[in-house]
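Open the model in your viewer and keep the selection tool at hand. Each stop below says what to select and what is there.

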Amino acid sequence: MALFTKFTASWVPLYRIKDSRYKLDTFDLQRFNGEKTEEATPKRKEEAKKKGQVAKSTDFSAVFVMMAAFYTLKLLGVSVYTELASYMTGIFSSLATTDFTINSVHILFLNLSLLLLKTVLPILLVILVISVAVNYMQVGFIFSTEALMPDFNKINPLSGFQRLFSKRSLVELLKAVFKVTIIGYFIYRFAVIQTADIPKLISMELIDSLKLAGSLTIDLAFQIIGVMMVLAAFDYFYQWWEHNQSLKMSKQEVKEEFKQTEGNPQIKGKIKEKQRAIAMRRMMQEIPKADVVVTNPTHLAIALKYDKNMSAPVVLAKGQDFLAERIKQVARENKVVVVENKPLARALYPVVEIGNIIPPELYQAVAEVLAYVYRLKKRLS
């Protein structure tokens with residue numbers, strides 16, 4: 001009894017007690033129609049993609065670009081240093097003997113440009129290739145000019161204020177604070193570990209100190225890249241989740257899209273009804289041209305026609321039940337012979353569509369019926 005009382009008490013909020021009777025509250029389910037509870041349809045996702053709205057993590061692209069840049073710099077660092085040192089040595093050694101004219105400055109500028117191409121261009125090309133590849137892996141190939149179209153809402157102070165204090169802005173702020181905290185901790189940790197090596201730079205030769213400083217910088221960069229890669233993976237999954245949430249649709253939107261894509265069911269039903277009516281009229285107009293109507297006798301009726309220009313008899317009309325009676329009525333009104341042949345009618349009806357010739361296995365049976373019809377017409381004439 002106590003269990004029953006506890007169970008019923010838990011349902012009290014759903015009832016109102018009035019005149020010693022329970023009355024169940026009614027809920028208006030229409031109020032839920034506006035809520036974004038449905039997953040985005042393929043059409044909605046395709047439209048968003050055409051507008052450039054895709055799940056994309058800028059952190060994911062940035063971390064791979066940094067990794068490619070520092071790895072390329074590590075591989076080419078010695079050659080880059082050699083080229084720069086050689087150029088600077090040549091420049092400073094020839095300053096005392098060089099006359100600065102327009103031609104000499106022009107040559108100096110060309111040599112500097114060639115040096116930059118030899119040292120910086122390989123790194124820039126690697127960054128460009130990696131950036132394009134990572135973006136393609138995330139979103140595929142997208143060419144959209146809609147993002148370039150002017151949008152006055154972007155310069156609206158009220159809209160900007162709302163975006164500033166939106167949920168997305170808050171999330172981005174928390175992400176930035178978290179990243180700065182984590183990366184700052186790893187920089188501090190690295191500095192503490194390398195404290196003993198940093199004072200050595202003072203007593204080293206320039207080349208050795210540069211090598212040590214470069215090695216420490218590369219090591220620190222790869223540690224930070226490793227941390228950022230983990231954060232970027234989480235950011236990518238968050239961007240994917242947030243993008244799917246933003247594309248969610250209400251039940252009413254799904255219904256409207258279905259109507260636009262598939263057509264209104266009521267309109268489609270009326271169109272099909274009209275199409276059936278038109279097909280019915282055409283079929284009835286063909287019955288007077290038939291040579292014979294084969295019946296079941298009450299459930300099926302198939303109108304056949306054959307002439308010497310045909311490879312085989314053709315079905316002009318067929319129907320069952322009420323339509324079969326209508327076919328027989330039109331046939332009698334137009335003096336078309338009606339022949340009762342149950343086996344042939346049952347064999348013809350399911351396998352031959354209107355306008356098609358009969359199958360070869362029924363040639364013999366149909367030929368016997370047509371022969372009978374021709375003999376009958378000959379006697380009557």
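Start with how patches are picked: they are made of residues with over 30% relative accessible area and no salt bridge, joining like charges within 9 Å and nonpolar side chains (Val, Leu, Ile, Met, Phe, Trp, Tyr) within 5 Å. Accessible areas come from the Shrake-Rupley method with a 1.4 Å probe, and for residues only the protein chains shown count as cover. A salt bridge is a side-chain nitrogen of Lys or Arg within 4 Å of a carboxyl oxygen of Asp or Glu. This is a predicted model, in which local features need pLDDT of at least 70 and side-chain atom pairs pLDDT 80 or more, while totals for chains, interfaces and linings use all residues. Numbering starts from 1 along each chain as its sequence is written, and side-chain values use heavy atoms, leaving out hydrogens and water.

**Stop 1: the nonpolar patch**

Select Leu112, Leu114, Leu116, Leu117, Val120, Leu121, Leu124, Leu125, Leu128 and Val132. Together they make a nonpolar surface patch of about 870 Å². Two elements give two or more residues to this patch: α4 (102–119) and α5 (121–139). Helices (H or I, at least four residues) and strands (E, at least two) are DSSP runs, numbered from the N terminus. Which helix gives the largest share? It is α5, with five residues.

Now pick Leu112, in helix α4. Leu112 counts as partly exposed because its relative accessibility is 37%. The classes are buried (under 20% relative accessible area), exposed (over 50%) and partly exposed (in between), with a 1.4 Å probe and protein chains only.

**Stop 2**

Is Thr119 buried or exposed? At 5% relative accessibility, it is buried. Leaving aside neighbours within four places in sequence, Thr119 is in contact with Val80 and Glu83; contact means heavy atoms within 4.5 Å.

Lys118 is exposed at 53%, whereas Glu83 is partly exposed at 30%.

**Stop 3: a buried salt bridge**

Select Lys175 and Asp235. Their closest N and O atoms are 2.3 Å apart, in a salt bridge. Lys175 lies in helix α7 (residues 167–193) and Asp235 in helix α9 (residues 206–247), so the pair ties together parts 60 residues apart in sequence. Both residues are buried.

**Stop 4: the sheet**

Show the open sheet of four strands, in the order β5-β4-β3-β6 with mixed pairing. Its edge strands, β5 (314–320) and β6 (337–340), each pair on one side only. Two strands pair if DSSP finds at least two bridges between them. Strand β3 (residues 292–295) runs parallel to β6, joined by four bridges. Within that pair, Val292 has Val337 of β6 as its bridge partner.

**Stop 5: around helix α12**

Select Lys328 and Glu325. They form a salt bridge, the closest N and O atoms being 3.2 Å apart. Lys328 is buried at 5% relative accessibility, while Glu325 is partly exposed at 36%.

Finish with Lys335, in the loop between α12 and β6. Lys335 has a positive phi of about 60 degrees although it is not a glycine. Most residues other than glycine have a negative phi. At 77% relative accessibility, Lys335 counts as exposed.
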